[in-house]
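Colleague: Hi! I'm new to this one, could you walk me through a few details?
Modeller: Happy to, let me bring it up.

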Amino acid sequence: MSTTAKALEIKNLSKTYRDGTVALRGIDLDVEEGEFFGLLGPNGAGKSTTIGIITSLVNKTGGKIRCFGVDLDRDPARAKRQIGLVPQEFNFNQFEPPEQIVMQQAGYYGITRSVARQRTEKYLRKMGLWDKRATIARMLSGGMKRRLMIARALVHEPKLLILDEPTAGVDIDLRRATWSLLEEINEDGTTVILTTHYLEEAESLCRRIAIIDRGRVIENTDKKSLLAKLNIETFIFDLESPAPAGLLLDGYSHRLTDATTLEIDVSRERSLNAVFESLTQQNVNVVSMRNKANRLEELFVEMVEANASQPNNG
Amino acid sequence: MPSNTFADVSLSSRLRSNLIGFQTIVIKEVTRLLRIWPQTIVPPVITTMLYFIIFGKVIGSRLGEMGGVPYMEFIVPGLVMMSVINSSYQNVVSSFFSSKFQRNVEEILISPMHNAVVLLGYMAGGIARAMVIGTIVLLVSLFFVDTLSIYSIPITFSVAVLTATLFSIAGFINALLARKFDDIAIVPTFVLTPLTYLGGVFYSITLLPQPWETVSRFNPIVYMVSAFRSGIMKDRLDPTMIDINLGFAFAVIILFIVGLFSLTLWMLDRGVGLRA
């Protein structure tokens, strides 16, 4: 077995559902070992189908998947042993306590009860759920349930952890706590694949990002290269006092959203220094400045819109 | 740090891993069976007691003997079989469909366990419930019959286990194909119950006029009830009241088990009812 095998290699993966819906149109995707990989796309783009096929929850129509060099068709047991899944929906038995849920999952992966017991304690403690180990899962808060699914996915210590919208619908505190946890897991050597609707999340966590839309991968590159493709960023300036009538910002598209809030579009070739110089010359004092939207979000919208205008051939 | 390595993939380690997976499903199923005992154990026992009281005591006392044994004693094997059939079927169909419905079956589908192990695990749960209830019903019958001696414990036990095995698989198939809770009630109500009632529980099919006797021989439950009755009372039952030859009955039951087991594995491999 090669030690340099990719964590995941997807070749020409396609999926057509029985009702004729084409979910994937031959996607190729490689994820390097140790990467924190973001899989982004609008609703119905094919993200969950891709994850479903990787984790054997969905039958593929065509293509090949290798996980750490192991062909999922030829040796599914060996490939599946390397994968941990945190699904989007709560899919544990709501009438069982966390300890039993995690212990059972360990058993399904062939882990002896004594080792399973140790690991269950380790991961429930790590997720802050040890005190709740005997509470019926139904009684846990939404955040606890999400952490329980992460503990369950980690109990067999997979080399590849796949998370499908792990922070969907959770408050910002929990979202940030989950981010820290995922960074920690990745730093420990686990390859992480994350799908998310929160582009801020992807920008913050992922080192490599693929954008999937209408069953095709329309972008797959490292985050820095991806963000470099962003042509125009919009900044919001909060002004100390109302902007003077006839405010001039030569070469910059701008608009006032209210008397003291100014939006300015800045292209990659232009500098922000010139904006500040011009505002200072016109006695406009800036109190604060921020991005109107997350940079990745702007790029994402741009790319998906561009893809939507392309004909959908087969 | 992820500890999984590719080194530990020998056949023996895979077997050990699958054995642990099997144990896990069995423990889960037995825990469930015991946790919800008012739903899993009490109702079939009460139902069977009612059969003993109504068909055995009230009506049976007027019938006298059948095949040389008191009618109450004659129906004991059939009633035990009826509870074994229903319990094994219901246990697997409700447990596996609930897992499907709540989507926690995904825990199993993403795991490296072999499909045969998953099936065997659920079957073991169904067999366990059937054996518990079958034993309780047999013990309850002692309140209604003067004596109940068993002709052959190995025959009786093996027929009960094989029958529970067969109907556990049938329940699993029903759960795979079911899309809503109504679908898991249709087969027990419209197929299993009529076949059981017409399967010689309360009478010997040799008493039926033609063509009904011949038609009854196409009912697989006849073979199980007949074999189980032979196991309990072959030594004292009129040979003309033994519906099916014991060896033939075993062969038919085993043939059904092999056929349904293969079919279920084929369905699992293709993800029928589980994977889009």
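Colleague: Where is Pro211(B) found?
Modeller: Pro211(B) sits in the loop between α8 (183-197) and α9 (212-216) of chain B. Keep in mind that this is a predicted model.

Colleague: And the peptide bond from Gln210(B) to Pro211(B), is it cis or trans?
Modeller: That bond is cis, with omega near 10°. Most peptide bonds are trans.

Colleague: Now salt bridges. How many are there over all chains?
Modeller: The count comes to 23. One pair is Asp75(A) with Arg14(B), whose closest N and O atoms are 2.7 Å apart.

Colleague: Where do Asp75(A) and Arg14(B) lie?
Modeller: Asp75(A) is in the loop between β5 (70-71) and α2 (76-80) of chain A, while Arg14(B) is in helix α1 of chain B, so the pair joins two chains.

Colleague: What about α1(B) and α4(B), at what angle do they pack?
Modeller: Helix α1 (residues 11-35) and helix α4 (residues 71-102) of chain B pack at about 105°, with axes 12 Å apart. The two helices are therefore roughly perpendicular to each other.

Colleague: Which residues meet there?
Modeller: From α1(B), Lys28(B), Glu29(B), Arg32(B) and Leu33(B); from α4(B), Asn91(B), Ser94(B), Ser95(B) and Ser99(B). The residues of this contact divide into 1 nonpolar, 4 polar and 3 charged.

Colleague: Last one: which residues make the nonpolar surface patch?
Modeller: Ile46(B), Met49(B), Leu50(B), Ile53(B), Ile54(B), Val58(B), Ile59(B) and Leu63(B) make a patch of about 660 Å². Val58(B) lies in helix α3 (residues 42-63) of chain B.

Definitions and conventions. Residues numbered from 1 in each chain as written. Chains lettered and ligands numbered in written order. Predicted model: local features only at pLDDT ≥ 70, side-chain atom pairs only at ≥ 80, totals over all residues. Heavy atoms only, no water. Axes fitted to C-alpha atoms, helices over the stretch in contact; angles between N-to-C directions. Helix = DSSP H or I, 4+ residues; strand = E, 2+ residues; numbered from the N terminus. Parallel < 35°, antiparallel > 145°, perpendicular 65-115°, else oblique. Contact = heavy atoms within 4.5 Å. Nonpolar A, V, L, I, M, F, W, Y, C, P; charged D, E, K, R; others polar. Patch = residues over 30% accessible without salt bridge, like charges linked within 9 Å, V, L, I, M, F, W, Y side chains within 5 Å. Areas by Shrake-Rupley, 256 points an atom, 1.4 Å probe, with all protein chains shown as cover. Salt bridge = Lys/Arg side-chain N within 4 Å of Asp/Glu carboxyl O.
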